[in-house]
Amino acid sequence: ARTSTDRFVVLLADGSADKAQMIARQLGSALRSGLQLGAVDSPLDSTFGISLAPEHADNAADLLRRAEVALNDARASARPSLVYVPGSDERFRRRLELSADLRRAILANEMSLLFQPKLRVSDGAVSGAEALVRWHHPKLGEISPVEFVPLAEASGSIRDLTRWVMRAALQQAAAWRSLPEMQIDLAINVSAADLVDPELGNEVVALLAELHVPSTRIVLEITEGALVQDAAAAARCMALLQAIGVRFAIDDFGTGHSSLSLLQRLPVDLLKVDRSFVLHAHEHDEDREIVASTMGLAHALGMKVVAEGVEHQASWDVLASLGCDYVQGYFVSRPITADALVAFVRDRAQSITPRPVSEQRLLRKPGTA
């Protein structure tokens with residue numbers, strides 16, 4: 001039965017969870033083989049949520065609702081199918097509530113930005129900062145970006161969220177323009193949906209012109225997954241912005257599926273090594289080798305390397321010995337307000353004195369600023 005635009009229900013008599021998942025796999029495989037529309041072969045994606053009677057409910061309405069809960073959980077975890085887990089209803093209701101409230105919060109300008117500094121390893125100076133969006137819900141308090149950003153992507157609010165972050169970040173960059181010490185790079189995150197949006201490039205160009213922000217100070221951070229989804233569309237958007245001086249960083253590098261040929265074709269300036277490799281690089285040989293190999297690859301392609309998730313002096317020392325260009329993490333600074341960032345930059349500038357290159361890795365600990 002078809003219950004809505006893209007929702008279909010399959011009723012199995014005398015079915016178990018194992019049988020339902022087997023049928024889901026068979027249906028998914030059949031759909032992936034494609035639908036022939038004239039000369040065009042269109043593969044179809046599908047996700048399945050499964051509920052069982054009487055284990056999960058004894059009436060049709062509750063069974064359908066709990067199958068929908070399982071479907072949303074499957075989509076959120078990028079799995080082809082999931083069986084309903086008792087107690088998931090509350091999480092589902094929270095997601096629905098937050099999705100609706102998030103759209104309202106963006107339109108009402110209720111979000112805020114924090115900034116996490118990045119240090120240049122060679123001399124310990126602040127080279128830039130990453131703009132990070134935050135949401136303080138009036139009833140639920142602080143909502144983690146780990147929770148609300150995927151909600152924005154799933155609900156279609158991600159473009160509105162990115163546009164809010166872009167304008168707020170560039171407005172802050174414009175406010176810093178009169179401060180000589182704040183001539184640093186500003187990194188802004190964009191999602192896969194943003195990168196394939198044909199209007200993104202023109203909107204960024206217009207914002208930079210409106211706010212008189214130098215384009216060469218802006219770095220857009222994108223994930224590997226965003227590149228893989230539609231490399232051609234990403235390349236068009238990136239080429240437009242690169243032409244005016246905007247730079248690009250690949251975020252969480254090492255966790256996606258980008259190929260070397262893709263990195264060579266796209267105008268990427270920086271690779272950010274994922275924190276999962278950096279965190280234990282000082283104690284695990286395997287992680288250290290991954291970081292070293294990534295740096296070698298990036299430098300061979302003419303890119304700089306940012307190590308994120310630096311939380312120890314030992315991590316800093318290892319990264320410095322490997323030739324890392326920039327570091328970011330709690331050892332340097334937690335995300336801070338715009339005013340606190342100005343004070344942080346000034347303090348770093350006052351604490352740094354010129355040193356021979358051989359001594360530069362012995363600068364005082366970043367975390368003491």
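Is the crossing of α7 and α9 left-handed or right-handed? The crossing of α7 and α9 is right-handed, where right-handed means that the near helix is turned clockwise from the far one by less than a right angle, and left-handed that it is turned anticlockwise. The model is predicted, with local features needing pLDDT of at least 70 and side-chain atom pairs counting only at pLDDT 80 or more, whereas totals for chains, interfaces and linings use all residues. Residues are numbered from 1 along each chain as its sequence is written, and side-chain values use heavy atoms, without hydrogens and water.

**Helices α7 and α9**
- Helix α7 (residues 200-211) packs against helix α9 (residues 231-242) at an angle of about 20 degrees, with the axes 9 Å apart.
- That angle makes α7 roughly parallel to α9 (angles under 35 degrees count as roughly parallel).
- Leu-200, Gly-201, Asn-202, Val-204 and Val-205 of α7 make the contact with Cys-237, Leu-240 and Leu-241 of α9, contact meaning heavy atoms within 4.5 Å.

**Leu-208 in α7**
- Leu-208, which lies in helix α7, counts as buried because its relative accessibility is 6% (buried means under 20% relative accessible area, with a 1.4 Å probe and protein chains only).
- Apart from neighbours within four places in sequence, Leu-208 is in contact with Leu-170, Val-213, Ser-215, Ile-218, Ile-244 and Val-246.

**Helices α2 and α3**
- The axes of helix α2 (residues 60-76) and helix α3 (residues 88-107) come within 10 Å and cross at roughly 70 degrees, and α2 passes α3 in a left-handed crossing.
- Residues of α2, including Arg-65 and Glu-68, meet residues of α3, including Asp-89 and Arg-91.

Definitions and conventions. Axes fitted to C-alpha atoms, helices over the stretch in contact; angles between N-to-C directions. Helix = DSSP H or I, 4+ residues; strand = E, 2+ residues; numbered from the N terminus. Parallel < 35°, antiparallel > 145°, perpendicular 65-115°, else oblique. Buried < 20%, exposed > 50% of the residue type's maximum accessible area, 1.4 Å probe, protein only.
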